[in-house]
Amino acid sequence: MRWLWVIPAAPLAGAVLNGVILRRRIGHRAVSAVATGSVLVSLLAGLGVIGSYLAGGGAGRGVVWTQTLWDWLPAGGLWTTHLGKRLVDFKLAFQLDGLSAVMVFIVTFVGFWIHVYSVGYMHGETGYQRYFTYLNLFMGAMLLLVLGNNFLVLFVGWEGVGLCSYLLIGFYYDQPFPPQAGRKAFIVNRIGDFAFLVGLFALVSRFGSLDFSTVFSAIAADPAAVHQPYALGLSFAGFVALCLFLGAVGKSAQIPLYVWLPDAMAGPTPVSALIHAATMVTAGVYMVARSHVLYDQAPEILAVVAVIGTATALLAATIGLAQTDIKKVLAYSTVSQLGYMFLAAGCGAYGAAIFHLGTHAFFKALLFLGSGSVIHAMGGEQDMRKMGGLRARLPVTYWTFLIATLAISGIPPLAGFFSKDQILSSAFPAHKVLWGVGLATAGLTALYMFRAVYLTFHGTFRGTEEQAAHVHESPAVMTVPLVVLAIGAVAAGWVGLPKLGGWDWNLIERWLGPGYRHVAKGAAHAAEHAGVGLEAGLMGLSVAVALAGVAIAWRVYGGTRGVEGGAAWAHRFPRLHRMLENKYWVDEAYDATVVRGTWGLARLCRGFDGRVIDGLGVHGARNLTLLASYVSGFFDKYVVDGLVNLIGVVLQALSRLFRRLQGGLVSQYALVMVVGVFMLAFFCVLLLTQ
Amino acid sequence: MVITTTHFLILSLTLFVIGLAGVVLRRNLITVLMSIELMMNAVNLNFIAFSWQFSDLAGQIFAIFTITVAAGEAAVGLGLLVALYRLRGSVNLDAATELEG
Amino acid sequence: MNFLLAHGPAILFYLLAVVAVVGGLGVVTLRNPMYGAVALLTTFLAVAALFILRHAEFLAAVQIFVYGGGILVLFLFVIMLMNLQRLPQEERYVEGAPFALAVVVLLGVMLGVLLAAARFLGAGSNPAALTSVEGQVAGNTEAVAVSLYRNYLLPFEIASIFLLVAMIGAVVLARRD
């Protein structure tokens with residue numbers, strides 16, 4: 001337990017080392033060694049800690065290991081919130097329990113193999129060091145997120161992964177589109193984060209603390225208290241749950257904040273694999289699962305979660321059907337699968353959501369890495385219409401990609417089947433309509449994934465001569481991770497085997513502990529009674545739907561039909577196809593309303609600032625000052641100078657007057673002298689005669 | 001009728017005023033100088049009258065000195081006149097306005 | 001004869017006074033400086049005679065010698081040698097002459113009024129003093145000489161220096177350079 005802090009610290013240290021200390025002074029080999037090595041350290045530390053936790057029997061019994069590093073915000077006793085609660089200190093602390101253990105394993109394991117893959121994929125790129133710095137930074141932030149023992153640390157990690165997502169999406173910053181996509185991701189995320197923060201504020205005001213243990217035990221102790229009406233017509237629990245979920249909607253790309261994920265494909269492919277498939281986008285699901293105590297007290301919000309999740313799953317699957325860029329297909333697939341996870345959470349089956357998160361991490365990462373391999377082989381081409389027949393040239397890539405596709409389609413005994421099945425069987429008793437939609441979506445999933453497989457790997461090669469010459473299998477550093485992840489895609493489901501006939505091999509549920517399988521009242525009873533038959537029936541139904549999807553895909557795109565097959569169907573439903581191809585014009589709608597609205601508001605503010613503040617304030621001050629100076633100048637010129645000049649004028653007049661005394665005429669002088677003398681004499685005489 | 005000192009004084013005054021008028025009124029420098037001599041003569045007359053009146057020779061002595069001074073002054077004055085005439089070519093006082101200001 | 005004896009001094013006085021005044025007026029009025037100089041001469045002579053009336057015989061002689069024979073001659077020399085023109089008709093008097101005349105007349109009147117207030121006690125107290133030296137009757141010249149060389153020696157010497165300076169000054173001023 002002492003080594004808990006190493007898990008997030010190691011990648012952060014790697015980021016600091018690569019990004020700050022060793023800038024530009026080491027070669028690519030050293031950079032990749034530092035980066036991959038730090039993640040390996042994190043993985044090993046994680047395995048070690050988890051191992052000792054399991055050995056100690058902590059799993060399944062709700063034992064929590066906590067390691068506090070230091071006081072972060074010693075706000076304890078600073079003041080009392082408006083609901084009468086005193087604040088406590090906010091600490092930087094980590095906790096290990098079943099849920100965080102699962103998350104740590106997924107993040108470090110998949111993260112490590114993606115780092116290895118990146119060494120090969122990013123070989124020779126400028127910005128190599130920058131890439132690995134950001135990737136390590138991301139790992140550190142993600143691990144902070146899943147290991148934090150309070151909402152504050154979780155939020156730090158939440159924002160950190162958002163930042164790294166922005167940095168990595170806009171990695172190719174010299175091109176025009178990637179920075180735009182990065183900005184879009186960050187801004188859309190921010191909208192969700194705003195709601196998230198409001199939820200955190202509400203929690204602090206009610207409980208005075210953001211510690212999981214404090215908050216959840218307080219809720220569990222007095223559930224009725226959080227049912228009091230609070231805001232927006234919701235109870236306290238409902239309000240907070242909604243706010244937090246809105247944050248998850250942004251982070252995990254659900255309706256209506258999913259639009260950033262497809263554009264995020266502008267980043268390097270391993271980034272898409274790690275961040276936008278396996279880890280960052282799953283943070284929302286993790287957060288909901290972590291807060292299940294709260295969500296259980298807000299059933300109306302859980303319903304909202306489930307509905308949004310299902311709707312998103314269906315919407316994204318339909319869009320994926322009409323995309324031609326292989327990465328876009330996978331992006332919409334991610335959005336769709338995340339919808340499944342929220343469907344599970346919304347039905348109270350948090351464990352199932354986490355289970356699907358885990359299996360999805362393996363096969364989606366594998367799919368992305370595989371597509372990266374294809375793109376690499378095709379010299380950067382991402383359009384499936386220009387691919388085809390690659391299975392002979394890229395065998396390892398093909399077979400691992402196929403395994404992943406089978407997994408995602410829910411074909412037993414691969415991973416996806418078990419997790420998806422668990423979701424559907426949780427949904428069935430809770431919301432039958434949503435179950436139905438989920439089932440249909442499963443079929444669509446199989447359909448669009450196998451479409452991608454057939455278009456890319458089967459049929460005849462549709463690319464250029466140049467591309468044909470260049471196509472080659474990726475080096476070992478890239479194919480080995482593919483294989484490892486493929487093993488995971490196969491085996492990961494086996495930890496969650498359903499309870500059939502009394503066997504309880506559902507290890508994952510056992511690990512997560514009680515509380516993660518909350519089932520709606522009454523439904524549990526029904527489920528118990530329905531028993532094996534229902535379970536088997538549902539399973540069979542989902543497999544059948546999946547196989548149907550595969551078959552349809554074969555019919556349309558399989559063999560040598562390829563693109564023409566798709567084109568034929570597009571001709572039959574031109575309007576529908578156009579709508580799917582243009583993603584229901586959601587981006588355009590957002591642009592017309594929100595984006596332009598914000599621009600308008602910004603222009604308004606700028607106008608206000610320019611005309612009113614600058615005009616009145618700055619220019620007004622300028623004009624006032626000018627006026628004052630004119631007045632002062634006028635005063636100085638005419639009054640002050642006038643007075644001075646007046647003195648001069650008076651003097652001149654006087655002097656003109658006196659000048660007449662000196663006319664230059666000698667006789668005049670004589671006369672004046674005479675007069676003067678006589679006056680003197682006169683006065684003398686006057687004096688004398690007194 | 002007895003001629004008293006008063007008669008002499010009146011005469012002296014008359015001559016003095018006439019001389020003064022000449023100094024102040026005439027444009028010709030020569031005439032001005034001559035008027036000054038006239039004034040001095042009037043003053044001498046005054047001295048002599050009082051000298052007789054008070055039986056004091058001092059008046060006469062003073063008159064001698066006055067004549068002396070008048071002679072010297074006439075000499076210098078004429079010298080000035082000559083210089084002015086040479087400079088200007090005329091002895092018109094009204095034209096010599098260099099002292100204006 | 002008695003008439004002459006009784007009124008002689010008075011008639012003489014008035015006669016001489018008129019001559020002097022006319023001469024003076026002549027100086028001030030005449031356009032030609034030459035005529036003016038002659039008028040001045042008559043005034044000098046009249047004044048000299050008036051000096052004799054008051055027992056200042058020596059001074060009368062000095063008056064004629066110095067004024068008439070020296071100063072006037074000097075004036076005439078200068079007038080003739082410089083060939084000083086007489087000024088044209090309208091330039092006889094100075095600008096603003098009426099005003100100056102009025103002032104002068106006013107001054108004269110003022111002095112006259114002052115004079116009229118003076119009262120002198122009869123005739124001179126001791127005419128003999130003007131002609132005697134240490135009690136002995138000697139004549140005006142001797143009296144003046146004794147007084148001059150005894151009591152007023154310093155002014156006498158200064159007067160001579162003064163004359164020297166004036167002479168030099170006149171020479172310098174009139175120098176042609």
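This is a predicted model: local features need pLDDT of at least 70, side-chain atom pairs count only at pLDDT 80 or more; totals for chains, interfaces and linings use all residues.
**Stop 1: the interface of chains B and C**

Select chain B and chain C together. The contact draws on 70 residues from chain B and 85 residues from chain C. The area buried between the two chains is about 7,000 Å², and carbon and sulfur atoms give 76% of that area. If you look for salt bridges between chain B and chain C, the count is zero.

Now keep the chain B side of this interface and colour it by element. Helices α1 (5-25), α2 (29-54) and α3 (58-88) of chain B each give two or more residues to the side that touches chain C. Of the elements, α3(B) gives the most, with 24 residues. Coloured by residue class, this side of chain B shows 44 nonpolar, 19 polar and seven charged residues.

**Stop 2**

The elements run α-α-α, which comes to three helices and zero strands. Chain B has 101 residues, and 67% of them count as buried. Its accessible surface is about 3,300 Å², with 72% belonging to carbon and sulfur atoms. For contacts in chain B between residues at least 6 apart in sequence, 53% join residues at least 24 apart.

Next, select Ser55(B). Where does Ser55(B) sit in chain B? Its place is the loop between α2 and α3. Ser55(B) is not a glycine, yet has a positive phi of about 55 degrees. Is Ser55(B) buried or exposed? Its relative accessibility is 16%, so Ser55(B) counts as buried, the cut-off being under 20%.

**Stop 3**

Read along the sequence, the pattern of chain C is α-α-α-α-β-β-α-α, with six helices and two strands in the count. Chain C has 177 residues, of which buried residues make up 35%. The accessible surface of chain C is about 10,400 Å², and 73% of it belongs to carbon and sulfur atoms. For contacts in chain C between residues at least 6 apart in sequence, 51% join residues at least 24 apart.

**Stop 2: the interface of chains A and B**

The area buried between chain A and chain B is about 950 Å², and carbon and sulfur atoms give 69% of it.

**Stop 5**

Select His115(A), in helix α3 (residues 98-121) of chain A. His115(A) has a relative accessible area of 0% and is therefore buried. To see what surrounds the side chain, leave out residues up to four places away in sequence; His115(A) then touches Ala35(A), Thr36(A), Val39(A), Phe132(A), Leu135(A), Asn136(A) and Met139(A).

Two cis peptide bonds come next.

- Ile255(A) to Pro256(A): the peptide bond is cis, with omega near 0 degrees. Pro256(A) lies in the loop between α8 (236-251) and α9 (260-263) of chain A.
- Pro412(A) and Pro413(A): a cis peptide bond joins them, with omega about -5 degrees. Pro413(A) lies in the loop between α16 (395-409) and α17 (415-430) of chain A.

The tour ends at Tyr584(A), in the loop between α24 (574-581) and α25 (586-659) of chain A. Tyr584(A) is not a glycine, yet has a positive phi of about 60 degrees. With a relative accessible area of 26%, Tyr584(A) is partly exposed.

Conventions. Residues are numbered from 1 along each chain as its sequence is written. Chains are lettered from A and ligands numbered from 1 in the order in which they are written. Side-chain values use heavy atoms; hydrogens and water are left out. Helices (H or I, at least four residues) and strands (E, at least two) are DSSP runs, numbered from the N terminus. Buried means under 20% relative accessible area, exposed over 50%, partly exposed in between (1.4 Å probe, protein chains only). Contact means heavy atoms within 4.5 Å. Accessible areas come from the Shrake-Rupley method with a 1.4 Å probe; for residues, only the protein chains shown count as cover. Buried area is the accessible area (1.4 Å probe) that two parts lose on being put together, summed over both. A salt bridge is a side-chain nitrogen of Lys or Arg within 4 Å of a carboxyl oxygen of Asp or Glu. Ala, Val, Leu, Ile, Met, Phe, Trp, Tyr, Cys and Pro count as nonpolar, Asp, Glu, Lys and Arg as charged, and the others, Gly among them, as polar.
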